[in-house]
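Please keep the sequence and the three-dimensional view at hand while reading.

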Amino acid sequence: MDRLPKIALPAIAGIIVLIIFMSRSTVTIGSGEAGVLYKYFGGGVVTDEPPLGEGFHLVAPWNRVYIYEVRQQERLEKMNVLSSNGLDIKLEASVWFQPKYEELGKLHQEKSEQYIERVLLPAIRSAARSVVGRYTPEQLYSSKRDAIQQEIFEETQKIVDDQYIQLNEVLVRDVTLPPTIKDAIERKLKQEQESLEYEFRLVTAEKEAEKVRIEAQGKADANRILSASLTDKILQDKGIDATLKLSESPNAKIVVVGSGDDGLPLILGNN
């Protein structure tokens, strides 16, 4: 009985050590994640092998695994930038990104788990300030939103591409101008719209007037051609033809040929 405690204590200690050993030797990596292995006695961060994928892994208890999310992530960034004429502009942009899977070890070794704060966000701020500084507030407010968004994406991509970060998209969600500038731009745009509508009405009226003039000119030309072709002889012949047709009707009448002032026949009589 006296020997039992002496055996039990080492056994309990062994079990505790085994539990600690097993807990430090197993790693479970969730969906959309990957692990970077750090070897305390093997050169530190493993960069020459692919990262650990999803699932259950056994590792030496003295090593450590750093888990990263490798799915596409989004970060909303609000910043103050200056336009080309020095006005303060508030810009809100959404960044879609993810770490480059095969280079996850290098990302951890060189940038650490704070790569978003240390690399990505400074890059997007720098690109936004550079791009917005090329445009006036009016361009930012209206016509250049898509162009600005694309330019910010391209400049940010140049910065982060060799930093082991995959940039998928940059979306400019909002551009806020100083109230006085915004009101002035809206008034100007309204005046321009009214001016365009007035010009459209003028052009429409001018086209309608031109149409009327063309039709009137056509009728005048037709009448002039017809008048030039109707000689006295032609009129007399037509009058005689008409008289002869009337004389063939059953109604009683007297036809006097050549008694009119203009040489046309006269028709006398009644029904």
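## Salt bridges

A salt bridge is counted where a side-chain nitrogen of Lys or Arg lies within 4 Å of a carboxyl oxygen of Asp or Glu. Side chains of opposite charge can pair when their charged atoms come close. By this rule the count comes to 8 salt bridges. One of them joins the side chains of Glu69 and Arg71, with an N to O distance of 3.6 Å.

Arg75 and Glu117 form another salt bridge through their side chains, at 3.5 Å from N to O. This pair links distant parts of the chain, since Arg75 belongs to strand 6 (residues 73–82) and Glu117 to helix 3, 42 residues apart. Arg75 has a relative accessibility of 26% and therefore counts as partly exposed; Glu117, at 41%, also counts as partly exposed.

A further salt bridge, between the side chains of Glu210 and Arg213, has an N to O distance of 2.4 Å. Because Glu210 and Arg213 are 3 residues apart in helix 6 (residues 179–229), about one helical turn separates them. Glu210 is partly exposed at 35% relative accessibility, and Arg213 is partly exposed at 43% relative accessible area.

## Basis of the model and overall make-up

The model is predicted: local features need pLDDT of at least 70, side-chain atom pairs count only at pLDDT 80 or more, and totals for chains, interfaces and linings use all residues. Residues are numbered from 1 along each chain as its sequence is written, and side-chain values use heavy atoms, with hydrogens and water left out.

The protein has 7 helices and 10 strands; these are DSSP runs numbered from the N terminus, with helices (H or I) of at least four residues and strands (E) of at least two. Of its 271 residues, 27% are buried. A contact means heavy atoms within 4.5 Å. Among contacts between residues at least 6 apart in sequence, 66% join residues at least 24 apart.

## Packing of helix 3 and helix 5

Helix 3 (residues 115–132) packs with helix 5 (residues 145–160) at an angle of about 135 degrees, and their axes are 8 Å apart. The two helices are therefore oblique to each other; angles under 35 degrees count as roughly parallel, over 145 as roughly antiparallel, 65 to 115 as roughly perpendicular and the rest as oblique. The axes are lines fitted to C-alpha atoms over the stretch in contact, and angles run from 0 to 180 degrees between N-to-C directions.

Residues making this contact include Val119, Leu120 and Ala123 of helix 3, and Ile148, Glu151 and Glu155 of helix 5.

## Two residues with positive phi

Most residues other than glycine have a negative phi. Ser112, in the loop between helix 2 (104–110) and helix 3, has a positive phi near 75 degrees. Ser112 is buried, with a relative accessible area of 15%.

Tyr164 has a positive phi near 70 degrees and lies in the loop between helix 5 and strand 8 (165–176). Tyr164 is buried, at 12% relative accessible area.

How values were computed
Buried < 20%, exposed > 50% of the residue type's maximum accessible area, 1.4 Å probe, protein only.
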